[in-house]
Amino acid sequence: MAYVFDNVSGNVIQSCTLTQYPITALTRSGTVATASVASHPFPDGSFVDISGASPTGYNGQFRVGSVVANVSFSYAVQSGLTTPATVA
């Protein structure tokens, strides 16, 4: 079960089963990673769990920083990660 939390109060606003959205490309500029996917439902400020990327600094639980047309989203990472990342 996955949960989407209200960014202000922290209350659960939606619960759902976990769905995987395969990342087709993963790049970095400075400390911002951009993940490209065929389509996704993530609003700005929601949390995503990234796995299977190399280097591993792209993996983990992150807050979505911005969304572009529901086909990509950005999140904060450390600078210096190899770009583009390898995605499985």
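Biologist: In what order do the elements of the protein run from the N terminus on?

Modeller: Let me first say that this is a predicted model. From the N terminus on, the order is β-β-β-β-β-β-β-β-β-β. In other words, the protein has 10 strands and zero helices.

Biologist: How do strands come together in a sheet?

Modeller: In general, strands of a sheet pair through backbone hydrogen bonds, and the pairing is either parallel or antiparallel. Here you can find an open sheet of four strands, in the order β3-β4-β9-β8, and its pairing is antiparallel. β3 and β8 (66–68) stand at the edges with a single partner strand each, so one side of each has no neighbour in the sheet. From one strand to the next, the twist averages 20°.

Biologist: Let me look at one pair of strands. How many bridges join β3 to β4?

Modeller: Six bridges join them, and the two strands run antiparallel: β3 covers residues 23–29 and β4 covers residues 32–37. You can follow the pairing residue by residue. A25 stands opposite S36 in β4, and S29 stands opposite V32 in β4. The hairpin of β3 and β4 has two residues between the strands, and G30 takes a positive phi near 65° there.

Biologist: Now the inside. Which residues touch the most other members of the largest nonpolar core?

Modeller: That core has 17 residues, and the ones that touch the most other members are L26, V48, I50, Y58, F73, Y75 and V77. Two or more residues come from each of β3, β4, β5 (47–50) and β9 (72–76). The largest share, three residues, is from β4.

Biologist: Could you pick one of them to show me? Which residues is Y75 in contact with, leaving aside its neighbours within four places in sequence?

Modeller: With those neighbours left aside, Y75 is in contact with L26, T31, V32, A33, A35, I50, Y58, F62, R63 and G65. Both Y75 and F73 are buried.

Biologist: How is a pair of aromatic rings described?

Modeller: Two values are used: the distance of the centres and the angle of the planes. In this model the count comes to four aromatic pairs. Y21 and F42 form one that is edge-to-face, at 5.3 Å centre to centre with 75° between the planes. Y21 lies in the loop between β2 (12–16) and β3, while F42 lies in the loop between β4 and β5, so the pair ties together parts that are 21 residues apart in sequence.

Biologist: Let me step back to the whole protein. What percentage of its residues count as buried?

Modeller: Of its 88 residues, 27% count as buried. The accessible surface comes to about 5,500 Å², and 54% of that belongs to carbon and sulfur atoms.

Technical notes:
Residues are numbered from 1 along each chain as its sequence is written. This is a predicted model: local features need pLDDT of at least 70, side-chain atom pairs count only at pLDDT 80 or more; totals for chains, interfaces and linings use all residues. Side-chain values use heavy atoms; hydrogens and water are left out. Two strands pair if DSSP finds at least two bridges between them. A nonpolar core is a set of buried Ala, Val, Leu, Ile, Met, Phe, Trp, Tyr and Cys residues joined through side-chain atoms within 4.5 Å. Buried means under 20% relative accessible area, exposed over 50%, partly exposed in between (1.4 Å probe, protein chains only). Contact means heavy atoms within 4.5 Å. Rings of Phe, Tyr and Trp (its six-membered ring) pair if their centres lie within 6.5 Å; planes under 30 degrees apart count as stacked, over 60 as edge-to-face and the rest as tilted. Accessible areas come from the Shrake-Rupley method with a 1.4 Å probe; for residues, only the protein chains shown count as cover. Axes are lines fitted to C-alpha atoms, for helices over the stretch in contact, and angles run from 0 to 180 degrees between N-to-C directions.
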